[in-house]
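I opened the notebook to look up two things: how two chains meet, and what surrounds a ligand.

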Amino acid sequence: MPKKICQIICLFITLLLFHNMTCFALEKTTVSVVFSSDMEAYHQAWEGFNEFFKKNGVNLSVSTYNLANDDPETVILRIKKEKPPIVFALGTRALKLLKMRVGEIPIIVCMVINQDEINGANITGVTLSIPTMIKLQWINENLSQTKRIGLIYSIETAELVAKISQDCKKSGYEVVAQKINSGEEITWALQKIASRIDCFLMVPDARIYFPKSIEYLLMEGLKRKFAVIGLSSFYTKAGAFVSFDCDYQDIGRQTAAMAMKILNGQSPTDIPSESPRKTTFSLNLLVAEKIGIKIPPVVIKEAKEVFGR
Amino acid sequence: MRINITHKIIFLFILLISTLSIIIGFFSFNYGKQALMIEFDDRAKALVKSLALNCEYPVLFDNKDMLSSIGANVLSLKDVIFCEIRNEKGQVLFKKGIKNKPYNHEYTAVIQTEKVNDVEEGLVLGNGQIRKFEKIGRIQLILSLDNIRDRLLSIQRALILIISLGIIVASMAITLLLRFVLGNPIDKLVTDTRIVSMGNLDYKIVMNTKDEIGSLAIAFNEMLNALKITQNKLIKTEKMTAVVQIVSEAAHEIRNPLMVISSGIYLLKKVICEENPIVPKTIKQIEDAVSRMSLFIEDLLHFSRPIELKMDKVKINEVIKVAISELSEGLFFGVDMKQELADNIPEILADSNRLKQVVVNLVKNAVEAMKEVVGKKLEVRSEKEGNFIKISVSDTGKGIPAEEIASVFDPFHTTKKKGMGLGLSICNRFVEAHGGRIEVESEVGKGTRFVVWLAGETIKEEEK
Ligand SMILES: Nc1ncnc2c1ncn2[C@@H]1O[C@H](COP(=O)(O)OP(=O)(O)OP(=O)(O)O)[C@@H](O)[C@H]1O
Ligand SMILES: [Mg+2]
């Protein structure tokens, strides 16, 4: 009997010791963070990033920079001086600044739309772009009458649109794409394709889309009764039928996991960039009603945000 | 034309009121004008700005239909006479209206649109605070000032009307007020003064106002009184001067015969025997009369100079008695003569000869006044009244008419054929030289009383 108690006590002590050892393993890791601006989404991602490390028992020592306030050159100089094991870039601006300027220091990035920006030996991260297939799948499930998908793009997004077109064709959809030079041309471009499309897919092209042209597009969608698929829940709120969103905090966590790998000694080159792993969607019921689409309650329940109820 | 003081004051008041109203009118007009212009300007600016916002969409997408409907709408608004919308390349998208009216204001605004910032994820994440505006066109409005001018003109007209009316009413009120308060009394003062200046010194100005003009009237009346007194004195002095002239000449002529008479008497006294007692008595009387006469002549000669009194202790009753006794008894024929001389009369310091002369003159006048009267009564009294000694001579003669009474003491005032009119004048001088005065009371048909007042007290004090 006492032998057994002794054994239990011994086990308990070893457990305690082991626990203490993990505590000792909590060493400080320095990370430099560069925000592109003060946008709320960046902060959400940063929260997720932090959360991941805390959960995994890593104590982060952070030096934060924000390009909204800090001078880019000083940011570079300070990072070079600090020489952190990893630099975390939030947004395109931060990435563009850091790229090629911080030498060998690995850059981990998120909240960037264009996957092509994430190129270079020491760079990897998570993009903002939701895979076209996810969107097409949703369309297939919920907009069964859809046969032709409309696209308007400029030179900026030509490559992206080519990929999307391929995906669409793979899924059996016909693509009606129109290339224009500026947002002002959206009027005639829409006139041209409106009658031939069932659904319009927006692409993140700053050359075409700005408040007035978006307004025109959404209005036109209501008039001509085609479903506009927006770029984020803002568009749904403004009058798009449906938009797909990612969970920014989860993107943070996703990026953190990649960062962890790099900190543990993996080379960024070996880690390919990823798309957001968690996507949600938002619906505008008012628009749905206007353009004559019936949405089953199950789908409504599924939506993260519902407008025009 | 004569401008009187009331007119001047009225003119000044009207000038003041007019200037004030014009200044106030000018300033309020300018203030109103400014307020109107500011309002106009604000409205126009707000209009052009909201128009620029409305034009964002049609200019951006080159929607000419929408632009022309917007333009037509704007042109239908009040004051808007011209509207032009251009895009950024300078192409005219809309143009309508008349540009070259004389009074107008031009307002322009930039048409712009919001563009997404260069950061692409902004499209997905929402723009955040970073906004970027791009100029896409320009709108030009021309607003006519005609309406404002019309309004200003009507305001101006109303102001002028109100101001003129105000000036007229105020002027009328002031004119009436001043005419009543100032004009009438002044006019009256002027006419009254004119009456006085025509020689009527007895005129009295009657003024009911108690202000400065009233005081002026009172002062004027006082001045008139003083003037009258001075004038009377002046007349007296003038008369006096004439008297002195005549009298001194006459006296000079009389003095020589008197010398002859007095030396004659001196001889007669020596030569005439004293058989008949009446003779020396008569001679004595003549001698006294002559000496009195020469004294009198001396006085006359010194008429212009102040009288030199030979002061001595005098018993007034004695003086009266001697005076009466020196008058010829024939004078008192048919006259009931009465003397009531008081015992308590003190001796005074006086010139007995002069006082005697006074009594003689008064008694003579009294008797002469009773010449044609039945029941001639003469009374000579002496009495003490307070500190004064009073000598009165009363008669029952014809009396002195009221209008003459003031001038009986004037030299050469006489009603008698053979009179010189000097008696009372000399009496007055003598009495006044003694520090006394003579009073007259008289009633026509009943009689006259002359009273000589002499100071008794002063002499007593001198005695001490
Ligand atoms: N007792 C009196 N009763 C009435 N009238 C008198 C009396 N005494 C004077 N008068 C009037 O006053 C006038 C002036 O008198 P006053 O003695 O000065 O002059 P006169 O007697 O006329 O002349 P004279 O120089 O000879 O005395 C007289 O002429 C007379 O009319
Ligand atoms: Mg006489």
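How far is an oxygen atom of ligand 1 from an N or O atom in the side chain of Thr415(B)? I read 2.3 Å for that pair. The model is predicted, so I noted that local features need pLDDT of at least 70, side-chain atom pairs count only at pLDDT 80 or more, and totals for chains, interfaces and linings use all residues. Residues are numbered from 1 along each chain as its sequence is written, chains are lettered from A and ligands numbered from 1 in the order in which they are written, and side-chain values use heavy atoms, without hydrogens and water.

**Ligand 1.** I found 20 residues around ligand 1 (a heavy atom within 4 Å). Asn365(B), Asp395(B), Thr414(B), Thr415(B) and Lys416(B) come nearest. An N or O atom in the side chain of Asn365(B) is 2.7 Å from an oxygen atom of the ligand. For Gly423(B) I looked up a backbone N or O atom, which lies 3.4 Å from a ligand oxygen. Ligand 1 alone exposes 580 Å² (Shrake-Rupley method, 1.4 Å probe), and the protein buries 91% of that.

**Chains A and B.** I then turned to the interface. Here 18 residues of chain B contact 31 residues of chain A (heavy atoms within 4.5 Å). The two chains bury about 2,300 Å² between them (accessible area lost on being put together, 1.4 Å probe, summed over both). Of that area, 68% is on carbon and sulfur atoms.

I found two salt bridges across the interface (a side-chain nitrogen of Lys or Arg within 4 Å of a carboxyl oxygen of Asp or Glu). One of them joins Glu184(A) and Lys115(B), at 3.9 Å from N to O.

Definitions and conventions. Polar contact = N/O pair within 3.5 Å; in protein donor to acceptor, adjacent residues only side chain to side chain.
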